[in-house]
Amino acid sequence: MFEFKQMSELLKPYCTGESIFDFYRLIDPKTHEVFEYDKDNNLRLQEGSCYELWERNTTCPNCITKHSCVKQRQYVKLEFLQGKVMLIITKPVKIQNKMLGLELIKDITFSMLGFNYFRSENKNVQSIVSQFNELIVKDILTGLFNLDYIKNYLDNFIQKEAVFNTLTAAAIDVDNYTEINSLYGYTVGNQVLQYIAGIMDKTAVAHGAVAGRLGPDEMGIFFIDKTAAEVEKICEEIYEQAACTPLKIQENSLDIGFAYAVASLEAEDETDDFIGRLYFNLRAAQGQRLK
């Protein structure tokens, strides 16, 4: 981290209210390299990766720098470092034709009443910060990882693991979800999503996979080193488990079904290419079910 007084004047317009922050740094969202932009307008590469500051060995699960640069908007998160709670605000900036994330960092350990209460009660503040950051990457309704996290996960896999491992994904789309909402109400529709998400999550844990919500009624599981045939079989097991236990709605039972499709990551794939092909296969599978 670098002190604000050493910052280039060219960065100051991005730092409204900079006097409240303690430090800054610039992050490459693809390589996770750290840069300083000094008062002489020199962009200096620093040793180590951005996540090492937070005492991690790999990228942060809630990498706000990547999200900020992709979506061109500001993101906020908390981190815990050596007994201190740090607030991080990240904004996208372009310097010397290079898209970077500008992290503005503030020590808020003694600035928030809630944290001071937990400290006085000997609560685990680090655990509280971890729970907060977990909420950022989870879908509130289903408890599965959200689409931002899934894309970040795939980006990291493509950059670091695709040379050594394979990745195959399955996507599902709940049957008649719009009709369920219309007939029974959104509360029942939410129960259907939560029911299937619970099965998906247990399946992911059992196979060391990652499950996420991809859309309003679409979910996916991402498996490492499993063949398409193996993933197809897992999908059949999920379907049978959902179908054999109808969801109880007051005095009625609601049968649950879904279309599913599988796609494998190919050598030339970028994240959006892979997710797009997975969606395409899912739409084709839906068409087959309607025939």
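Which residues of H1 are buried? The legend for View 1 names them.

This is a predicted model, in which local features need pLDDT of at least 70 and side-chain atom pairs count only at pLDDT 80 or more, while totals for chains, interfaces and linings use all residues. Residues are numbered from 1 along each chain as its sequence is written, and side-chain values use heavy atoms, with hydrogens and water left out.

**View 1. Helix H1 is largely enclosed by the rest of the structure.** Helices (H or I, at least four residues) and strands (E, at least two) are DSSP runs, numbered from the N terminus. H1 spans residues 64–71, and six of its eight residues are buried. Buried means under 20% relative accessible area, exposed means over 50%, and partly exposed lies in between (1.4 Å probe, protein chains only). The buried residues are Ile64, Thr65, Lys66, His67, Ser68 and Cys69. They pack against strands E2 (23–27), E5 (75–81), E6 (84–95) and E7 (98–107), and against helix H4 (147–160); contact here means heavy atoms within 4.5 Å. Glutamine 72 follows H1 and has a positive phi, near 55°.

View 2. A salt bridge is a side-chain nitrogen of Lys or Arg within 4 Å of a carboxyl oxygen of Asp or Glu. The bridge links distant parts of the chain: lysine 66 sits in helix H1 and aspartate 155 in helix H4, 89 residues apart. Lysine 66 is buried, with a relative accessible area of 6%. Elsewhere, salt bridges that share partners join Arg56, Lys77 and Glu79 into one network.

**View 3. Two further salt bridges involve aspartate 22 and aspartate 38.** The model's count comes to 15 salt bridges. Lysine 106 pairs with aspartate 22, their closest N and O atoms being 3.6 Å apart. This pair also links distant parts of the chain: lysine 106 is in strand E7, and aspartate 22 is in the loop between strand E1 (2–3) and E2, 84 residues apart. Lysine 106 is partly exposed at 24% relative accessible area. Aspartate 22 is partly exposed at 27%. Aspartate 38 bridges to arginine 44, with closest N and O atoms 2.8 Å apart. Aspartate 38 counts as buried at 10%, whereas arginine 44 is partly exposed at 41%.

**View 4. The largest nonpolar core has 30 residues.** A nonpolar core is a set of buried Ala, Val, Leu, Ile, Met, Phe, Trp, Tyr and Cys residues joined through side-chain atoms within 4.5 Å. Val192, Ile196, Met200, Met219, Ile221, Ile238 and Leu254 have the most contacts inside this core. Elements giving two or more residues include helix H5 (177–184), helix H6 (186–207), helix H7 (228–243) and strand E10 (218–224). H6 gives the largest share, eight residues. Apart from this core lies another, of 26 residues, among them Ile27, Trp54, Met86 and Leu102. Beyond four places in sequence, methionine 219 touches residues including Leu144, Ile172, Leu193, Ile196 and Met200.

**View 5. Threonine 203 lies in helix H6.** Threonine 203 is buried, with a relative accessible area of 11%. A polar atom of its side chain lies 2.8 Å from the backbone oxygen of isoleucine 199. Leaving aside neighbours within four places in sequence, threonine 203 is in contact with Ile221, Ile234 and Ile238.

**View 6. Four strands form an open sheet in the order E9-E10-E8-E13.** Their pairing is antiparallel; two strands pair if DSSP finds at least two bridges between them. Strand E9 (210–213) and E13 are the edge strands, each pairing on one side only. Neighbouring strands are turned by 20° against each other on average, direction ignored. Axes are lines fitted to C-alpha atoms, for helices over the stretch in contact, and angles run from 0 to 180 degrees between N-to-C directions. Four bridges join E9 to E10. Glycine 212 stands opposite glycine 220 in E10. H6 lies across E8, E9, E10 and E13, at about 0° to E10. H7 lies across E8, E10 and E13, at about 165° to E13.

**View 7. Asparagine 41 and asparagine 97 have positive phi.** Most residues other than glycine have a negative phi. Asparagine 41, with phi near 65°, lies in the loop between strand E3 (33–37) and strand E4 (43–49). Asparagine 97, with phi of about 60°, is found in the loop between E6 and E7. Asparagine 41 is partly exposed at 33% relative accessible area, whereas asparagine 97 is exposed at 73%.

Definitions and conventions. A polar contact is a pair of N or O atoms within 3.5 Å; within protein, one must be able to donate a hydrogen and the other to accept it, and residues adjacent in sequence count only if both atoms are side-chain atoms.
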